[in-house]
Amino acid sequence: MKTLKNLETEIKEKGLKYYIITYGCQMNAHESEKIAGLLESIGYIPANSKEDADFIIFNTCCIRENAEQKTFGNVGRIKKLKQLNRELLVSVCGCMMQQESAAKKLMKTFPFVDIVFGTYNLHELPEMILACKSSPDPIYRAPEIGELHDDVPQKRSEGPLASVNIMYGCNNFCSYCIVPYVRGRERSRSANDVISEVAGLTSQGFREVMLLGQNVNSYDGGLNFAQLLKQICEETDIPRIRFMTSHPKDLSDELIGVIAAHPQICRHIHLPVQSGSSRILQEMNRKYTREAYIALAEKIRKNIPGIAVTTDIIVGFPGETDADFAQTLSLVKELRFDSAFTFVYSPRNGTRAARMPNQVDEETQARRIKELVALQNRITEERNHEYEGRSMEVLVEGISARNPKHVCGRTSTSKMVNFEGDASLIGNFVNVKITHGKKTTLFGTLN
Ligand code: SF4
């Protein structure tokens with residue numbers, strides 16, 4: 001019988017390559033780093049494209065319906081490659097595969113897919129590849145929400161930024177959201193593990209860490225989230241710390257105080273509001289009102305001067321009237337977010353909102369999102385203009401995708417800045433004089 005050692009030898013001798021296609025949020029992007037780490041630990045090397053790969057993995061997302069449709073379309077297109085290369089392995093994993101119905105539908109639609117598994121089986125990938133090599137049938141690991149397996153090898157993306165999961169799952173059951181069903185209840189990593197991972201990343205040369213969780217403010221790993229941030233600041237030399245995502249109902253005064261007192265914690269809070277109507281917020285089970293959210297955002301801005309506040313907004317939630325939507329527009333005008341991710345509500349099977357009456361028709365949703373996006377774009381641009389003439393500290397992340405003579409990086413307030421420079425600047429903190437603030441980016445010159 002073939003062993004993992006035999007498998008590793010075969011992969012190395014044949015020079016087999018992998019290619020990962022990632023959908024969805026930063027948690028998923030970070031899980032793809034773990035998949036890459038696991039595959040490289042058994043000898044796979046990265047491919048430049050899917051055409052060049054011997055193993056293609058789709059790491060899926062199920063937050064929105066169109067993410068699912070996109071996945072099905074893209075997996076379907078791989079059939080041609082599979083016909084050209086009989087040795088090619090195809091795997092589909094991630095949140096979408098945590099739902100048994102979606103996994104079964106995928107396997108039925110695309111019988112050429114070799115390995116299907118959910119987020120909690122990721123650490124078993126080498127064993128699944130081994131099993132697949134000697135099985136005529138696809139390998140399917142049932143999507144059980146199991147133990148945390150954080151000790152898998154990780155292949156960090158290049159550059160000065162690193163992500164660190166601090167917790168998994170969510171207890172909130174917002175009525176539109178599938179996450180608690182696919183990621184399970186909240187489980188926090190121990191504070192010691194998180195702090196030593198950050199210290200290790202710092203000594204490897206990373207300059208900024210992003211602490212990730214569905215609701216970081218309810219972190220409970222022996223310390224609460226505010227205490228964890230404070231300890232990271234005091235016990236490591238990491239120059240910059242970001243975190244996401246924050247639920248407004250759990251954002252404490254203690255946390256605001258810790259951020260205010262520690263300049264290495266970025267001046268940026270992503271604080272999803274979702275709606276400006278208290279009635280809709282209640283239907284969404286968000287557990288705060290419009291007034292409470294506004295008061296919180298104002299308190300954050302007052303106590304942490306210069307902080308950027310960004311948000312997520314859903315339009316067209318079931319039962320949303322024109323008057324509710326007007327409340328969202330007025331909240332956006334009042335709070336003038338630095339930027340916002342805006343979404344049209346899409347029902348997810350199994351959630352309470354999907355069963356609600358009064359689903360909003362597509363035409364109304366389209367009209368509302370257009371109006372909201374136009375308003376927020378104008379505000380974002382105006383806010384970006386406010387940076388003109390200021391000198392900002394920027395952590396250089398890489399060469400600009402648009403201009404090879406430019407580099408790009410972020411301010412502590414999470415504004416992307418482009419300016420003339422070369423690869424030698426990557427990973428450095430530099431001061432940049434902002435000359436133009438555009439819709440999505442600031443432009444400047446080194447000073
Ligand atoms: S807080 Fe709400 S929206 Fe966010 S992951 Fe949890 S249930 Fe979903």
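Predicted model: local features only at pLDDT ≥ 70, side-chain atom pairs only at ≥ 80, totals over all residues.
**Notebook: helices, a sheet and domains**

I started with helix α15 (residues 362-385), which lies across β13 and β14 and runs at about 175° to β14. Lying across here rests on contact, meaning heavy atoms within 4.5 Å. For the angle I used axes, lines fitted to C-alpha atoms (for helices over the stretch in contact), with angles from 0 to 180 degrees between N-to-C directions. Helices (H or I, at least four residues) and strands (E, at least two) are DSSP runs, numbered from the N terminus.

Residues are numbered from 1 along each chain as its sequence is written, and side-chain values use heavy atoms, with hydrogens and water left out.

**The sheet**

I found three strands in an open sheet, ordered β12-β13-β14, with parallel pairing. β12 (268-270) and β14 (339-344) are at the edges with a single partner strand each, so one side of each has no neighbour in the sheet. On average, neighbouring strands here are turned by 15° against each other, direction ignored. Two strands count as paired if DSSP finds at least two bridges between them. I saw six bridges, in the parallel sense, between β13 (residues 308-315) and β14. For Asp-312, the bridge partner in β14 is Phe-341.

**Helix α13 with α14**

How far apart are the axes of α13 and α14? I got 11 Å, with helix α13 (residues 290-303) and helix α14 (residues 322-335) packing at an angle of about 15°. The two are therefore roughly parallel to each other (under 35 degrees; over 145 is roughly antiparallel, 65 to 115 roughly perpendicular and the rest oblique). Their crossing is right-handed, meaning the near helix is turned clockwise from the far one by less than a right angle, and left-handed if anticlockwise. Among the residues that meet, I noted Tyr-293 and Ile-294 in α13, and Leu-331 and Leu-335 in α14.

**Helix α10 with α11**

The axes of helix α10 (residues 225-235) and helix α11 (residues 253-261) come within 8 Å and cross at roughly 15°. That makes α10 roughly parallel to α11. This crossing is left-handed.

**Domains**

Last, I checked the domain assignment, which gives domain 1 (4-141), domain 2 (161-385) and domain 3 (391-446); such bounds come from an automatic or database assignment. The centres of domain 1 and domain 3, taken over C-alpha atoms, are 35 Å apart.
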